[in-house]
Amino acid sequence: QVQLVESGGGLVQPGGSLRLSCTASGFTFRWYAMSWYRQAPGNERELVAHITNTGGSTNYANSVKGRFTIARDNAKNTVYLQMNSLKPEDTAVYYCRARNGNQDYWGQGTQVTVSS
């Protein structure tokens with residue numbers, strides 16, 4: 001059974017940091033590119049960050065460049081999103097996604113709220 005389980009969300013003040021984790025099971029994690037997406041109320045789901053299966057290449061939405069870092073540990077079947085200098089506009093539900101060809105899996109999401 002495929003599972004992607006996100007954790008690490010919560011309430012943080014502007015300027016603060018959080019680290020999200022997404023742990024995978026039920027498929028061969030190291031074969032899959034991984035991404036983080038987010039969706040704020042009333043908005044479309046948007047790509048935040050992407051990492052290739054080996055971790056050799058990453059890319060980011062312009063809105064988070066220089067503040068967020070995506071990384072993965074294939075030995076732990078886990079992808080991370082380090083989020084620094086958080087802003088209220090980063091408030092959203094954050095989802096991880098695994099893709100390999102036409103195999104496409106999503107987690108259930110974790111809420112991140114940036115507010116004073």
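This is a predicted model: local features need pLDDT of at least 70, side-chain atom pairs count only at pLDDT 80 or more; totals for chains, interfaces and linings use all residues.
Strand β3 (18–25) and strand β8 (residues 78–83) run antiparallel and are joined by six bridges; strands here are DSSP runs (E, at least two residues), numbered from the N terminus. One of the residues involved is Leu-18, whose bridge partner in β8 is Met-83. Residues are numbered from 1 along each chain as its sequence is written, and side-chain values use heavy atoms, with hydrogens and water left out.

Both strands belong to an open sheet of four, ordered β1-β3-β8-β7 with antiparallel pairing, where two strands pair if DSSP finds at least two bridges between them. Strands of a sheet pair through backbone hydrogen bonds, either parallel or antiparallel. At the edges lie β1 (3–7) and β7 (68–73), each of which pairs on one side only. On average, neighbouring strands of this sheet are turned by 15° against each other, direction ignored (axes are lines fitted to C-alpha atoms, and angles run from 0 to 180 degrees between N-to-C directions).

Attention now turns to the aromatic rings. Five aromatic pairs are found in a search of the whole structure; rings of Phe, Tyr and Trp (its six-membered ring) pair if their centres lie within 6.5 Å, and planes under 30 degrees apart count as stacked, over 60 as edge-to-face and the rest as tilted. Among them, Tyr-32 and Tyr-105 are stacked, at 5.8 Å centre to centre with 25° between the planes. This pair links distant parts of the chain, since Tyr-32 sits in the loop between β3 and β4 (33–39) and Tyr-105 in strand β10 (residues 103–106), 73 residues apart. Tyr-32 is buried, with a relative accessible area of 6% (buried means under 20%, exposed over 50% and partly exposed in between, with a 1.4 Å probe and protein chains only). Ring pairs also bring in Phe-27, which forms a cluster with Tyr-32 and Tyr-105.

Another pair, Tyr-95 and Trp-106, is edge-to-face, with 6.5 Å centre to centre and 80° between the planes. Tyr-95 lies in strand β9 (residues 92–100) and Trp-106 in β10, so this pair ties together parts that are 11 residues apart in sequence. Tyr-95 is buried at 13% relative accessible area, whereas Trp-106 is partly exposed at 33%.
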